[in-house]
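Take a moment with the picture before you read on.

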There are 2 protein chains.
Amino acid sequence: MGKEKNISTETIKRLIIYLRYLDTLNKNGIKIISSENITSLLNVQPSQFRKDLSFFGEFGKRGVGYNVDSLANSIRKILGVNREIDVVLIGVGKLGSALIQYTGFKKINVNIVSCFDKNPDKIGTMVENIRVEDIKNIGKTLKRTGIRIAILCVPVEEAQSVAKYIVGFGIKGILNFAPATLVLPAEVNVSNVDMASELGNIIYYLK
Amino acid sequence: MGKEKNISTETIKRLIIYLRYLDTLNKNGIKIISSENITSLLNVQPSQFRKDLSFFGEFGKRGVGYNVDSLANSIRKILGVNREIDVVLIGVGKLGSALIQYTGFKKINVNIVSCFDKNPDKIGTMVENIRVEDIKNIGKTLKRTGIRIAILCVPVEEAQSVAKYIVGFGIKGILNFAPATLVLPAEVNVSNVDMASELGNIIYYLK
DNA sequence: TAGATTGTTAATCGATTAACAATC
DNA sequence: TAGATTGTTAATCGATTAACAATC
């Protein structure tokens with residue numbers, strides 16, 4: 001896996017949604033599920049579900065359905081979250097601190113193992129179980145650990161410069177919480193979590 | 001405005017991105033901008049920009065471009081953020097507390113004016129300038145204020161039941177931070193901020 | 001007027017959905 | 001075998017992009 005071409009981000013996002021639901025089903029002792037049943041509460045068409053999976057192989061049994069446990073494991077492998085993944089976090093403000101303890105990342109096997117800030121008052125303090133380090137030392141950490149993913153929670157004015165800085169040290173994927181469009185080399189993967197934009201959507205459609 | 005049909009959420013999200021950039025241009029004293037220049041740093045095609053605006057009217061001058069200040073105001077009106085909008089927040093954990101002080105909401109004229117929790121230890125405490133209230137009293141607040149938008153930051157196990165509960169008191173739009181697909185009446189607008197899913201995307205495409 | 005840039009139409013592209021043969 | 005449900009193809013739908021006439 002990992003060689004598939006032209007898979008849309010929509011498909012990948014849905015895979016994560018399927019995975020979460022499969023994990024819930026698993027906990028509830030459900031062994032087999034059909035595309036119709038798994039999608040009925042997820043705002044997804046059964047054919048969409050089958051199509052999404054079809055990009056990666058065959059996972060069901062005709063006339064029967066899908067084995068909940070083994071499909072979950074297959075999706076984990078497809079996404080690359082079947083093993084633990086270490087990431088760093090930059091910008092230990094209130095939002096950054098909240099994310100360090102956010103359990104949703106751990107549920108997909110992602111661990112925030114280091115965090116960085118430029119504020120001397122914060123450097124050296126502890127957040128959850130990790131020590132806030134000086135952003136100036138991030139290069140060393142990235143080199144030593146090989147980490148290539150960063151969660152960026154710095155103020156919007158600094159987002160572009162910090163992003164450029166960490167990409168210089170080998171970061172290849174950024175989860176960006178700053179409401180800014182980062183300008184970076186094409187090979188760097190950026191996902192924007194734009195909370196105000198989502199709220200703006202709600203406001204617009206409410207009228 | 002507000003009567004346009006079939007405007008995609010993609011268009012609305014881009015409008016917010018345009019608006020932010022226009023505000024920055026405005027601060028920098030730039031008066032006029034072309035579709036080519038405004039989109040050059042935003043990963044958007046100039047024709048996409050013009051198309052997005054065309055759903056709502058004509059805002060530019062041929063051969064010249066767009067007046068930065070007046071286009072910003074037009075977009076604010078289109079989105080409905082030209083006036084202050086009050087919302088409530090439910091679930092005052094670390095993430096909820098961080099969102100109460102998040103400046104990105106204020107920048108689009110959205111104010112979190114009340115917050116609620118079910119934990120007796122939290123009820124009565126202050127977060128930024130607002131008092132944590134008992135979720136049982138949310139009906140009164142919503143009735144008194146007419147607020148119809150809620151930011152939902154409760155644990156994933158409770159998201160569905162709390163969402164249903166507040167919809168019963170007139171909530172029509174929910175910004176949902178819980179990694180769960182809420183099942184609600186069709187007229188309720190839900191936007192999901194799914195941080196783990198965005199991170200999952202980065203992990204997938206990194207391979 | 002000549003040059004520039006909009007607003008809009010038409011073409012393209014890609015994603016979703018429906019339909020059904022394959023097969024458990 | 002008959003019934004059920006997958007995997008996949010083809011049809012539909014919608015969003016993006018290119019092109020250009022309109023016009024400042």
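This is a predicted model: local features need pLDDT of at least 70, side-chain atom pairs count only at pLDDT 80 or more; totals for chains, interfaces and linings use all residues.

**Two copies**

Let's start with how the protein chains relate. Turn chain B by 180°, with a shift of 0.0 Å along the axis, and it can be laid on chain A with an RMSD of 0.0 Å. The two copies are thus related as by a two-fold rotation axis. Both copies also use the same surface, since 100% of the contact residues of chain B recur in chain A.

**Around DNA strand D**

Now for the DNA. There are 25 residues around DNA strand D, and the nearest are A:Ser35, A:Arg50, A:Gly60, A:Tyr66 and B:Arg62. Which part of the DNA faces the protein here? Of the atoms of DNA strand D that come within 4 Å of the protein, 65% belong to sugar and phosphate.

Bases are touched too. In the side chain of A:Arg50, an N or O atom is 2.7 Å from a base oxygen of DNA strand D. For B:Gln48, the partner is a sugar or linking oxygen of DNA strand D, at 3.1 Å from an N or O atom in the side chain.

Helix 3 of chain B gives the most, with four residues. Sorted by class, the surface near DNA strand D has three nonpolar, eleven polar and eleven charged residues.

**Around DNA strand C**

On to the other strand. DNA strand C is surrounded by 24 residues, and A:Lys61, B:Ser35, B:Arg50, B:Gly60 and B:Tyr66 are the closest. Sugar and phosphate make up 64% of the atoms of DNA strand C that come within 4 Å of the protein.

Here are some side-chain contacts with this strand.

| Residue | Atom of DNA strand C | Distance |
|---|---|---|
| A:Ser47 | base nitrogen | 3.4 Å |
| A:Arg62 | base nitrogen | 2.9 Å |
| B:Tyr66 | phosphate oxygen | 2.8 Å |

Which elements supply at least two residues each of the surface near DNA strand C? From chain A they are helix 1 (9–27) and helix 3, and from chain B they are helix 3, strand 2 (60–61) and strand 3 (65–67). Helix 3 of chain A has the largest share, with four residues. By class, this surface divides into three nonpolar, ten polar and eleven charged residues.

**The three-stranded sheet**

Some of those elements belong to a sheet. In chain A, three strands form an open sheet in the order 1-3-2, with antiparallel pairing. Strand 1 (32–33) and strand 2 of chain A are at the edges with a single partner strand each, so one side of each has no neighbour in the sheet. Two bridges link strand 1 and strand 3 of chain A in the antiparallel sense. Look for A:Ile33, which stands opposite A:Tyr66 in strand 3 of chain A. Helix 4 (residues 68–79) of chain A lies across strand 1 and strand 3 of chain A, and runs at about 75° to strand 3.

**The seven-stranded sheet**

Chain A has another open sheet, with seven strands in the order 6-7-5-4-8-9-10 and mixed pairing. Its edge strands are strand 6 (126–127) and strand 10 (189–192) of chain A, and each pairs on one side only. Further in, strand 8 (residues 149–152) and strand 9 (residues 173–176) of chain A run parallel and are joined by four bridges. What is the bridge partner of A:Leu152 in strand 9 of chain A? That partner is A:Asn176.

Helix 9 (residues 195–206) of chain B lies across strand 4 (85–90), strand 5 (110–117), strand 8, strand 9 and strand 10 of chain A. Helix 9 of chain B runs at about 165° to strand 9 of chain A.

Notes. Residues are numbered from 1 along each chain as its sequence is written. Chains are lettered from A and ligands numbered from 1 in the order in which they are written. Side-chain values use heavy atoms; hydrogens and water are left out. A residue is near a molecule or strand if one of its heavy atoms lies within 4 Å of it. A polar contact is a pair of N or O atoms within 3.5 Å; within protein, one must be able to donate a hydrogen and the other to accept it, and residues adjacent in sequence count only if both atoms are side-chain atoms. Ala, Val, Leu, Ile, Met, Phe, Trp, Tyr, Cys and Pro count as nonpolar, Asp, Glu, Lys and Arg as charged, and the others, Gly among them, as polar. Copies are superposed by least squares on the C-alpha atoms of residues with pLDDT of at least 70 in both. Contact means heavy atoms within 4.5 Å. Two strands pair if DSSP finds at least two bridges between them. Axes are lines fitted to C-alpha atoms, for helices over the stretch in contact, and angles run from 0 to 180 degrees between N-to-C directions.
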